[in-house]
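This briefing describes selected local features of one protein structure. Please consult the sequence and coordinates shown here while reading the points that follow.

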Amino acid sequence: MDKKECSQRLEPYKDDRYSKSNYLISAKYSSSLLENKITAISLAKIQKKEYIEDKNGRIVCSMTANELRKLMNANAGSFYSQLEPVAINMTSRTIGFSDPGKNGGVFDYISVVDRARYENGVFTIFYNSDVKEYLSDFKANFTILELPTMLKFKNVYSFRLYELLCSKSFYRKGIPKKLKTQVFRIEFNLSELKLNIGVVNAELDAVRKELNNKQAPNFDRAVEKSPEKKFNTWYEFKRCVLDVAIKEINEKTDMKVSFSPLKGGRGAKVYGVEFIVDLTERNVDTIEDILKSADEMSEDDKLDFIIDAKMLLRGFSTKDVRIICEKSGYDYGKLENAYQLFCQQKNIANPTGWMISCLNDAYENLQTGSGEKHAKNNFSNFHQREYDYDQLELKLLNQ
């Protein structure tokens, strides 16, 4: 494809969506912001069939320096010096898997890009023929992204975290449409998150050795083995990576994100990060509308709503959530008040027993901040199971 032909095809990409394989999104590697943006542009072009296939079956995608400059609102000037390290990184990257426990050991690694060339103002990427299934015509396991949004990012960690969160923001099969309020709770092991967004380079030999040839890689050990120590403490990682990335995501996309550290073990060390991802501009009326149509919901639907949409009873097992919800009569107001009171307590030996006791004996004393009881907002018109709650609570407390 020559320079003139590339230039004529600049405009169609301005408002394009493109899809990216979740396999590629979750691949662990270090990359520059420019490399990520160029990959996004090339995927958009490929999915519009704007590429050629060479005699070796490789997908060959070309773009001019002028096209890249305009799409990314870059200053005038030569792209030569910036594109060369991009080409080196692209052609040295592999993706794949290994399973030492399967059939005496199995591994499969693929070089994603065979060749990257810049000549006469045109940058051309030659994608390996074996990665075609990860470039277009997806049947499943892909994420739809907005190209203009991805090209707005000024920080590489914002780019990587945004597409990673997008890839995780989906519904389990079977959840009714009315429950899809577009709010997701996503947890990551801290070390794995650093590898996923490229804070720790998974392509370094010492790190790769820990990740490859393992059925269950130890991400913490892989990060410890890295000779590059960057944003090593939680404070540095939070301040320099997460705070910056989430601020940019919240300002430049329709996604609203908040996060909190997950702590445990001796000294309450941070071992993970929980993200709350909101993809809608929701309001209370939306929730009320859902509750008013609750007569069409099954008990499983109501559980999903309470756990996924309203994020109550976090940390409880599904079995215990069901028991607590049944005790409340699936009354959202009761659950919310009891759970808020629960969150104010410390050192509860049996959280499930405490919640049941609260709902069984003490709910009438729970009050809102105004001093008035919370108005009922229950899931009515459902057959509720009959319990001897004192006996049930005693049983739970003795577990």
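The structure is a predicted model. Not counting residues up to four places away in sequence, Val277 touches Leu165, Ser169, Gln182, Val183, Phe184, Ile186, Met255 and Lys256. A helix, α3, and one of its residues, Glu35, form the second topic.

- Val277 belongs to strand β11, which covers residues 269-278.
- The relative accessible area of Val277 is 0%, and Val277 is therefore buried, the cut-off being under 20%.
- Met255, one of the contacts of Val277, lies 22 residues from Val277 along the chain, and the C-alpha atoms of the two are 6.8 Å apart.

**Helix α3**

- Helix α3 comprises 15 residues, 33-47.
- At 1.5 Å a residue, α3 should span 21 Å, and this agrees with the 21 Å that separates its end C-alpha atoms.
- Of the 15 residues of α3, 14 are buried, so the helix is largely enclosed by the rest of the structure.
- Lys49, which comes just after α3, adopts a positive phi of about 65°.

**Glu35 within α3**

- Glu35 is located in helix α3.
- Glu35 has a relative accessibility of 3% and so counts as buried.
- Leaving aside residues up to four places away in sequence, Glu35 is in contact with Val86, Asn89, Met90 and Arg93.

Key. Residues are numbered from 1 along each chain as its sequence is written. This is a predicted model: local features need pLDDT of at least 70, side-chain atom pairs count only at pLDDT 80 or more; totals for chains, interfaces and linings use all residues. Side-chain values use heavy atoms; hydrogens and water are left out. Helices (H or I, at least four residues) and strands (E, at least two) are DSSP runs, numbered from the N terminus. Buried means under 20% relative accessible area, exposed over 50%, partly exposed in between (1.4 Å probe, protein chains only). Contact means heavy atoms within 4.5 Å. The expected span of a helix is 1.5 Å times one less than its number of residues.
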